[in-house]
Amino acid sequence: MALSLYVDTARWRAHQKSVLDQFPGLVPVCKGNGYGFGHERLADEAIRFGSDTLAVGTTYEAARIKDWFSGDLLVLTPFRRGEEPVPLPDRVIRSVSSVDGVHALVGARVVIECMSSMKRHGVKEEELGQLHAAIEDVRLEGFALHLPLDRTDGSDAVEEVIAWMDRLRAARLPLHTMFVSHLRAEELARLRQQFPQTRFRARIGTRLWLGDHEATEYRGAVLDVTRVVKGDRFGYRQQKAASDGWLVVVAGGTSHGVGLEAPKALHGVMPRAKGVARAGLATVNRNLSPFVWAGKQRWFAEPPHMQVSILFVPSDSQEPRVGDELVAHLRHTTTQFDRLVDR
């Protein structure tokens with residue numbers, strides 16, 4: 001009995017192909033928990049569709065994935081002088097976001113991040129003149145821009161990239177390759193048309209692996225079902241059942257990521273109102289679980305345990321049976337499954 005990730009493999013791969021067709025030469029990203037699929041599975045998929053490079057989040061991830069992927073590995077977290085050294089093969093490319101970092105990586109393969117409107121990290125325009133001497137001692141694989149997802153000021157992503165291309169050209173720095181993130185296919189086409197001598201490589205993770213929501217589904221197996229009547233005490237904290245129904249023990253707990261939710265950016269009145277309502281219910285121990293039974297998302301009977309969750313299903317619903325599976329609406333990037341089932 002497990003929390004399972006079911007994958008409609010043909011559909012999932014058809015979506016991958018559609019993204020690959022839109023973004024030729026893309027660099028697939030495999031970081032964190034492997035977007036819910038795991039590093040080894042995504043490395044296999046990248047090999048299957050013939051990628052020469054796989055982007056990972058950290059040097060520690062690169063150290064693990066190097067045994068599953070034989071091509072180049074691009075580490076997205078920028079190098080910092082004094083970081084813990086991790087033994088890595090020469091095919092690993094380091095991202096660098098400072099002139100000091102370039103100076104510290106003598107002989108290494110590097111991609112230099114430029115400071116975008118994200119304002120997260122990157123070399124600034126006024127530092128470009130200092131890069132001339134620094135890049136003499138490294139193997140420069142190209143420059144990179146990590147762009148924001150939303151542009152609430154109405155600015156143009158392509159214009160931001162063009163502005164940086166102009167700055168790099170004015171500083172007489174090589175423009176053979178530019179790695180970019182969060183551009184649409186038509187935006188990338190505009191850049192390729194304007195800069196035919198530059199190879200643009202889109203770094204894509206979420207859109208590639210998670211772009212077709214119908215291709216995957218989490219399900220938790222029912223492990224036990226116990227009948228309760230109003231007033232019965234149950235659980236670690238011996239709460240009282242609010243009404244007649246069933247306590248349903250389902251596979252999937254905090255170790256899987258169940259009940260752990262990343263903060264969300266809320267836009268508009270309705271989403272904010274729903275957020276306030278959820279927070280108010282939580283103060284009286286009413287928390288909606290991600291598990292669905294008989295067409296409804298069910299409430300946690302108590303906070304999820306490490307490997308299981310206990311749900312309350314009221315008596316006016318169909319009784320769950322041991323061995324049934326409940327669909328679970330879980331976020332891929334925060335979920336760890338027990339098993340992956342291709343179908």
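How many nonpolar, polar and charged residues does the lining of the second largest pocket have? I began my notes there. The model is predicted, and I kept that in mind throughout. I counted 14 nonpolar, 11 polar and 10 charged residues in that lining.

**Entry 1: the second largest pocket**

I looked up the volume first. The second largest pocket comes to about 830 Å³. Its lining holds 35 residues. Nearest the centre I found H146, L147, L149, S181 and H182. I then checked which elements supply two or more lining residues. They are strand β8 (177–181), helix α7 (185–194), strand β9 (199–204) and helix α8 (206–210). Of the elements, β9 gives the most, with 3 residues.

**Entry 2: the cavity**

I found 1 cavity of 30 Å³ or more. The volume of the largest cavity is about 50 Å³. I listed its lining: E113, C114, M115, S116, M118, K119, R120, H121 and H146. By class, that lining splits into 3 nonpolar, 3 polar and 3 charged residues.

**Entry 3: the whole chain**

I stepped back to the chain. It has 343 residues, and buried ones make up 48% of them. I counted 9 helices and 18 strands. Taken along the principal axes, the C-alpha atoms fill a box of roughly 75 × 45 × 40 Å. I also checked how far along the sequence the contacts reach. Among contacts between residues at least 6 apart in sequence, 66% join residues at least 24 apart.

**Entry 4: the two domains**

Domain 1 covers 7–208 and domain 2 covers 214–340. Over C-alpha atoms, their centres are 38 Å apart. I then asked how many residues of each domain are in contact with the other. The tally is 10 residues of domain 1 against 12 residues of domain 2.

**Entry 5: the nonpolar cores**

In soluble globular proteins, nonpolar side chains tend to be buried together. So I looked for cores here. The largest nonpolar core has 88 residues. Within this core, F37, I112, L131, F143, L168 and W209 touch the most other members. Helix α6 (residues 157–170) contributes the most to this core, with 7 residues. Both domains take part: domain 1 and domain 2 each supply at least three residues.

**Entry 6: H103**

Last, I checked one histidine. H103 sits in helix α4 (residues 99–104). Is H103 buried, exposed or partly exposed? H103 counts as partly exposed because its relative accessibility is 41%, which lies between the 20% and 50% cut-offs. Not counting residues up to four places away in sequence, H103 touches R81 and A134. I also took a distance to V138, 35 residues apart from H103 along the chain. The C-alpha atoms of H103 and V138 are separated by 8.2 Å.

Technical notes. Residues are numbered from 1 along each chain as its sequence is written. This is a predicted model: local features need pLDDT of at least 70, side-chain atom pairs count only at pLDDT 80 or more; totals for chains, interfaces and linings use all residues. Side-chain values use heavy atoms; hydrogens and water are left out. A nonpolar core is a set of buried Ala, Val, Leu, Ile, Met, Phe, Trp, Tyr and Cys residues joined through side-chain atoms within 4.5 Å. Buried means under 20% relative accessible area, exposed over 50%, partly exposed in between (1.4 Å probe, protein chains only). Helices (H or I, at least four residues) and strands (E, at least two) are DSSP runs, numbered from the N terminus. Domain bounds come from an automatic or database domain assignment. On a 1 Å grid over the protein atoms alone, a cavity is a set of points where a 1.4 Å probe fits but cannot get out, and a pocket is an open set with protein on both sides within 12 Å along at least five of seven lines; lining residues have an atom within 4 Å of a point. Grid points are joined across faces, edges and corners, and a volume is the space filled by probe spheres set on the points. Ala, Val, Leu, Ile, Met, Phe, Trp, Tyr, Cys and Pro count as nonpolar, Asp, Glu, Lys and Arg as charged, and the others, Gly among them, as polar. Contact means heavy atoms within 4.5 Å.
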